[in-house]
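Q: I would like to learn how to read ring pairs and charges over rings. Please start with the terms.

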Amino acid sequence: MIALKDLTVGYHGEALLSQVNLEFPQGQVTVLLGPNGCGKSTLLKTVLGLLPPLGGEIFYDGEPISSLSGGAVARKAAYMAQNHTVPSIVAQRMVLHGRFPYLSFPRKYRKEDHEAVRRALETAGGLDLSNRPMQELSGGQRQKVYLAMALAQETGTILMDEPTTWLDIRHQLEVMATARALAESGRAVGLVSHDLCLALRTADRVAVLAQGALQLAAPPEEAFASGVLDLAFGVRVRRVETPTGWQYYCE
């Protein structure tokens, strides 16, 4: 489990979020919500050691991240970034990059690496893309490959920054269903989302970030009842009960 204690994040000494105390528990989907520019992506990058914290501590299974090597962090937590370069390789080779934390240099892929890639592509719904050049794929197809690359790391935690970008509605639902399935298999899943209603349908907990701080970390029902979502986004969040549970909408 990843735990944040009094974490302050930002750039060039300027804080975007201060004194954040938050956990990403195993078996749960935690969704980071908040207005544009509030620091959601910056928080994820700091949690992964890609940016230095401005204050506070980050713990991986009780160990401070400062005591872990980059390879050790990558074997504990995978990251699906919001933006990627698009190299001139086929999708399967791209997903193999997710196996780097387990390989020494020069990298020689093993049978288990190729098996992990196949499983990851299948889980991400991209097995049919294996031999397609990355540069020929649509934005949505590339998202499937990037998700598979993160899954191929086979870590206990997966953190995703806007994983439904470029996807149509059906594939957005599939990605969020994958997030739920990963949590139900025992992994900790953390993701940034701008789709408030879809996030509330999917999350076990939402962490609402606004005005430079963590405003609330709670189950969706509690977050809705608190009114903090209305204040953070400047909208009226409403819900209606359906046979499959609460469905949220904004007005």
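A: Buried means under 20% relative accessible area, exposed over 50%, and partly exposed in between, with a 1.4 Å probe and protein chains only. The model is predicted, so local features need pLDDT of at least 70 and side-chain atom pairs count only at pLDDT 80 or more, while totals for chains, interfaces and linings use all residues. Residues are numbered from 1 along each chain as its sequence is written, and side-chain values use heavy atoms, without hydrogens and water.

Q: How many aromatic pairs does a search of the whole structure find?

A: Rings of Phe, Tyr and Trp (its six-membered ring) pair if their centres lie within 6.5 Å; planes under 30 degrees apart are stacked, over 60 edge-to-face, and the rest tilted. The search finds one pair. The ring centres of F224 and Y248 are 5.8 Å apart and the planes stand at 65°, so this pair is edge-to-face.

Q: Which parts does the pair tie together?

A: Helices (H or I, at least four residues) and strands (E, at least two) are DSSP runs numbered from the N terminus. F224 belongs to helix α8 (residues 220-226) and Y248 to strand β12 (residues 245-250), so the pair ties together parts 24 residues apart in sequence.

Q: Is Y248 buried or exposed?

A: Y248 is buried, at 7% relative accessibility. F224 is partly exposed, at 22%.

Q: Where does the charged end of R239 sit?

A: A charge sits over a ring if NZ of Lys or CZ of Arg is within 6 Å of the ring centre and within 35 degrees of the ring normal. The charged end of R239 is over the ring of W246, 3.8 Å from its centre. R107 lies over the face of F100, 3.7 Å from the ring centre.
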